[in-house]
Amino acid sequence: MSTTIQRPKPFIAGLVPTLNHRGFMSETLDRFSAEFAAHAGACAAPVLDMGCAYGVATRAALEQGATVHACDMEPGHVEILARETPEDLRPRLSTSVGLLPGVDFPGGAFAAILCSRVLHFLLAAEIRSSLEKMHDWLQPGGRLFLVADTPYSGFWSAGAPAYEQRKAAGEEWPGFIEDIAAYLPDRAAIAGMLPYLNPLDPDILARECARAGFVVEEAAFTGRGADREGRHHAGAIARRPA
Ligand SMILES: C[S@@+](CC[C@H](N)C(=O)[O-])C[C@H]1O[C@@H](n2cnc3c(N)ncnc32)[C@H](O)[C@@H]1O
């Protein structure tokens with residue numbers, strides 16, 4: 001008997017657990033993801049939602065008229081996203097399963113890329129390699145929209161003072177947490193999760209985008225939902241030079 005993978009129930013209102021212990025997909029868009037969706041709707045060429053989960057941003061971009069390729073490391077996410085996409089939007093949706101930084105797309109394939117709340121799961125060298133690839137996947141003049149969790153987000157906020165000290169001391173990756181269990185109430189909760197996390201901030205996003213060859217248009221802290229002015233997320237918009 002075949003079973004259909006179901007979208008899990010929200011953990012708390014608006015936050016849907018991922019199937020692979022890579023955090024939660026928010027059911028609302030932060031302002032950088034919303035800007036991606038609006039921009040995507042005006043693009044003639046396809047756009048990419050990298051680390052799409054169940055497709056909150058993919059759906060928003062499709063609804064604004066974009067042609068979207070949605071990619072995630074977890075096949076179940078992509079399956080649910082495709083199934084939940086209304087039939088009238090499906091002709092403009094394609095999907096694939098891929099893992100950063102190994103995944104590949106043809107050079108110049110996309111007019112815009114969103115990579116929302118994925119990079120903090122990567123190590124420094126993996127972030128650099130991923131951004132270099134995204135630079136290549138974009139058309140000249142194409143735009144990259146990044147969102148990452150920060151040291152002020154969730155359980156990790158207990159480590160924010162230490163992050164601030166390391167940042168003041170000039171460390172390159174001051175948010176890096178080697179053992180996430182140190183911040184969780186129950187060590188058993190880390191089963192299936194990566195043991196480490198690399199929370200980022202706007203300065204790091206801007207620095208790494210510039211290093212990969214992008215022109216940085218904006219980098220800032222941002223919140224989500226009622227907390228739009230918060231510091232839970234860092235966002236950046238960067239352009240591949242024409
Ligand atoms: C916290 S969720 C964010 C989902 C959505 N983009 C958002 O902003 O709400 C992280 C998503 O990125 C995916 N992911 C994490 N690491 C990845 C990697 N190295 N390559 C591709 N996808 C990854 C996970 O499977 C998950 O769907």
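Accessible areas here come from the Shrake-Rupley method with a 1.4 Å probe, and for residues only the protein chains shown count as cover. By that method the protein exposes about 10800 Å², and carbon and sulfur atoms supply 55% of that area. Keep in mind that this is a predicted model, where local features need pLDDT of at least 70, side-chain atom pairs count only at pLDDT 80 or more, and totals for chains, interfaces and linings use all residues. Residues are numbered from 1 along each chain as its sequence is written, and side-chain values use heavy atoms, with hydrogens and water left out.

Let's start with the whole fold. The protein has six helices and nine strands, which are DSSP runs numbered from the N terminus (helices: H or I, at least four residues; strands: E, at least two).

Now zoom in on Asp49, which sits in strand E3 (residues 47–50). Is Asp49 buried or exposed? Asp49 counts as buried because its relative accessibility is 2%.

So what does the side chain of Asp49 make a polar contact with? The partner is the side chain of Thr58, at 2.7 Å. A polar contact is a pair of N or O atoms within 3.5 Å; within protein, one must be able to donate a hydrogen and the other to accept it, and residues adjacent in sequence count only if both atoms are side-chain atoms. Leaving aside neighbours within four places in sequence, Asp49 is also in contact (heavy atoms within 4.5 Å) with residues including Val68, His69 and Leu114.

How values were computed
Buried < 20%, exposed > 50% of the residue type's maximum accessible area, 1.4 Å probe, protein only.
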